[in-house]
Amino acid sequence: MKYKGWFLRAAAFLPLALMTFLLSGCADVVVLNPKGEIAKHQLDLIYITTGLCLIIIVPVLILTFWIAWKYRVKSKKKEAYQPEWDHSTKLEAVWWGVPILIILLIAIVTVQYSYKLEPSKALASDNKPITIQVVALDWKWLFLYPEQGIATVNYVQFPEKVPVQFQLTADAPMNSFWIPQLGGQIYTMSGMAMKLHLIADEPGDYFGTGANFSGEYFGKMTFNAKATSQADFDKWVQDVKQSYPAMSQEGYNELAQPATSLVRSFSAFPNGMFDNIVNKYVVAGEGHHHGGEAASSQNDAAAKDDQDTSKTDMSGIDMSDAGHSDAAHQH
């Protein structure tokens, strides 16, 4: 019996030791090492909400251990436990009032940050933003540079300290575009053109991935996001233009087939490709669909006449704001 007590005390500390061991790996969590304005604000929100939650969690954990120890069963006391009180208005006000107050504070702070970090809001900067169009495919990422006229697969490069306006859609199942060190994720959906503004404060190679399960090889749907100086970015664009083949529509159709892909580069791509991919899921008189029957019917229509999908210019449309209020919007 003597050793049983020590064994139970030691076992009680095992969860604490395990928690310490697991948290030691947090040093490599990329969201805790932001490299962009958006990611830094999001980390501030994480710290604020975590700190507010700890105001509740820490006292509760301490009281749990203290009460369990103070009122444990003692071998020398066999009499029945007779509490001296059964209600305290002050204590009730504390353990109900403090959590309610903290939840209100978290709600207020979260709403403020949600408006402040709205993904489609342009970032203030002295530098002219660069536009990169992103297409989520099965199981790869296609990046189109409409201003530079080049395209890449599973690799994206942009200048540091220059706002990047990502325009995103999908020509495959719904996915989620995410560069953790630069900002939060945003969904990519067929028939929709979403916007996400990010900026890198310093050069570096940043991990990018699809944060949404999309089938067998979704785990390989990663990419490298590289931020460089403006001079290195211009040099890279010229190198791609001079060293790699152009992407044809037939080449894109082959690329869009479900399969993984290595990093690839293209010196050019068909005009209006991003708009065509978005409009591919538009059914006349019915709005846009997200794949399925609409995709099949549009593929047939596109095979007969590709011109129909190039008549509408989507470059100035932000469907992230208007899409859900459209009566013709169908999921």
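## Loop residues and helix packing

Gly219 is found in the loop between strand S9 (204-210) and strand S10 (222-228). The model under discussion is a predicted one. With a relative accessibility of 54%, Gly219 counts as exposed; the cut-off for that class is over 50%. In space, Gly219 and Trp139 are 8.7 Å apart from C-alpha to C-alpha, although 80 residues separate them in sequence.

Trp139 itself occupies the loop between strand S1 (130-137) and strand S2 (140-145). The peptide bond that joins Asp138 and Trp139 is cis, with omega at about -10°. Both of these residues are in contact with Pro258, once the neighbours of Pro258 within four places in sequence are left aside. Pro258 belongs to the loop between helix H5 (249-255) and strand S11 (264-266). A further pairing concerns Pro258 and Tyr217: their C-alpha atoms are 9.3 Å apart, while the two residues are 41 apart in sequence.

The two pairs described above by sequence and spatial separation are set out below.

| Residue pair | Separation in sequence | C-alpha to C-alpha distance |
|---|---|---|
| Gly219 and Trp139 | 80 residues | 8.7 Å |
| Pro258 and Tyr217 | 41 residues | 9.3 Å |

Asn154 has a positive phi, near 55°, and sits in the loop between strand S3 (150-153) and strand S4 (155-159). Is Asn154 buried or exposed? Its relative accessible area is 5%, so Asn154 is buried, the limit for that class being under 20%. Lys161 likewise has a positive phi, in this case near 60°. The loop that holds Lys161 runs between S4 and strand S5 (164-170). Lys161 has a relative accessibility of 48% and therefore counts as partly exposed.

Helix H2 (residues 37-70) and helix H3 (residues 89-116) pack at an angle of about 175°, and their axes are 10 Å apart. H2 is therefore roughly antiparallel to H3, since angles over 145 degrees fall in that class. On the H2 side, the residues that meet H3 include His41, Asp44, Leu45, Ile48 and Leu52. Their counterparts in H3 include Pro99, Ile102, Leu105, Tyr113 and Lys116. By residue class, the contact of H2 with H3 comprises twelve nonpolar, three polar and two charged residues.

An unreviewed UniProt entry places the feature "transmembrane region" at residues 46-69 and 93-115. In the model, residues 46-69 are 100% helix and 0% strand, and the end C-alpha atoms of this span lie 33 Å apart. For residues 93-115, the end C-alpha atoms also lie 33 Å apart, and the span is 100% helix and 0% strand.

Finally, the chain may be viewed as a whole. The protein chain contains eight helices and 13 strands. Of its 331 residues, 38% are buried. The chain exposes about 20,100 Å², of which carbon and sulfur atoms supply 61%. When contacts between residues at least 6 apart in sequence are considered, 70% join residues at least 24 apart.

Conventions
Residues numbered from 1 in each chain as written. Predicted model: local features only at pLDDT ≥ 70, side-chain atom pairs only at ≥ 80, totals over all residues. Heavy atoms only, no water. Axes fitted to C-alpha atoms, helices over the stretch in contact; angles between N-to-C directions. Helix = DSSP H or I, 4+ residues; strand = E, 2+ residues; numbered from the N terminus. Parallel < 35°, antiparallel > 145°, perpendicular 65-115°, else oblique. Contact = heavy atoms within 4.5 Å. Nonpolar A, V, L, I, M, F, W, Y, C, P; charged D, E, K, R; others polar. UniProt positions renumbered as here; feature names shortened; annotations may be inferred. Buried < 20%, exposed > 50% of the residue type's maximum accessible area, 1.4 Å probe, protein only. Areas by Shrake-Rupley, 256 points an atom, 1.4 Å probe, with all protein chains shown as cover.
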